[in-house]
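Please look at the sequence and the structure shown here before reading on.

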Amino acid sequence: MPVEKKSSVEEVLKREKLAKEFEKEKRVSEQKAIEQAAAKLSAQSPETVEPAKTSKFITNIDIVFSQAKTDLRFYFLNDGTYAEDFKRMFQENESLFKRYGITSQKYLEYIRESFDRYKKIHDMMPLDPMKPKHFKYVEDSISELVRMFNQRFGK
């Protein structure tokens with residue numbers, strides 16, 4: 001009597017179905033992040049919005065920062081105006097970052113790593129909030145990164 005082999009077709013179909021559901025859920029979460037960023041931009045008063053930036057114009061950095069605010073690794077962005085200041089620094093140097101392949105996500109990771117270095121140097125607790133002195137350290141670190149890019153690769 002021949003032994004029947006189990007077919008893996010069912011497992012493959014189940015995996016494909018789960019992969020499709022995951023992609024759909026990912027698109028939905030990205031759409032929510034875009035909507036949150038749009039709501040935040042539209043909540044600003046008309047005097048503070050620059051003419052070049054309308055509430056319908058959402059950049060990649062806005063999306064990345066809105067997603068990061070819900071991520072525990074970037075808890076320090078929820079305090080004060082640090083997120084806006086880091087966003088402004090990215091926009092000031094965006095052409096340089098783009099030229100060297102630094103995406104907004106990599107930029108955000110660099111900010112987190114820089115702040116973690118500061119906390120490690122000063123023996124701070126893991127979830128200590130960012131303060132102006134800490135922001136200055138991270139800001140100097142980003143400025144040093146930009147300076148090193150210009151020095152290393154020239155303008």
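By about how much of a helix are Asp116 and Lys119 separated in helix 5? They stand 3 residues apart in helix 5 (residues 104-121), and are therefore separated by about one helical turn. Helices here are DSSP runs (H or I, at least four residues), numbered from the N terminus, while strands are runs of E with at least two residues. This is a predicted model, in which local features need pLDDT of at least 70 and side-chain atom pairs count only at pLDDT 80 or more, while totals for chains, interfaces and linings use all residues. Residues are numbered from 1 along each chain as its sequence is written, and side-chain values use heavy atoms, with hydrogens and water left out.

**Salt bridges and their network**

- The structure holds 10 salt bridges, a salt bridge being a side-chain nitrogen of Lys or Arg within 4 Å of a carboxyl oxygen of Asp or Glu.
- Asp116 and Lys119 form one of these salt bridges, and their closest N and O atoms are 3.4 Å apart.
- Asp116 is partly exposed, with a relative accessible area of 30%, whereas Lys119 is buried, at 8%; buried means under 20% relative accessible area, exposed means over 50%, and partly exposed lies in between (1.4 Å probe, protein chains only).
- Through salt bridges that share partners, Asp116 and Lys119 belong to one network with Asp71, Arg73, Glu109 and Arg112.
- Within that network, the side chains of Asp71 and Arg73 meet in a salt bridge of 2.7 Å, N to O.
- Asp71 counts as partly exposed at 25% relative accessibility, and Arg73 also counts as partly exposed, at 42%.

- The side chains of Asp62 and Lys87 meet in a salt bridge of 3.4 Å, N to O.
- Because Asp62 lies in helix 2 (residues 60-68) and Lys87 in helix 3 (residues 82-92), this pair ties together parts that are 25 residues apart in sequence.
- Both partners, Asp62 and Lys87, are buried.

- The buried residues of helix 2 are Ile61, Asp62, Ile63, Val64, Phe65, Ser66 and Ala68.
- Ser104, which is found in helix 5, counts as buried at 4% relative accessibility.
- When its neighbours within four places in sequence are left aside, Ser104 is in contact (heavy atoms within 4.5 Å) with Asn60, Ile61, Val64 and Phe90.
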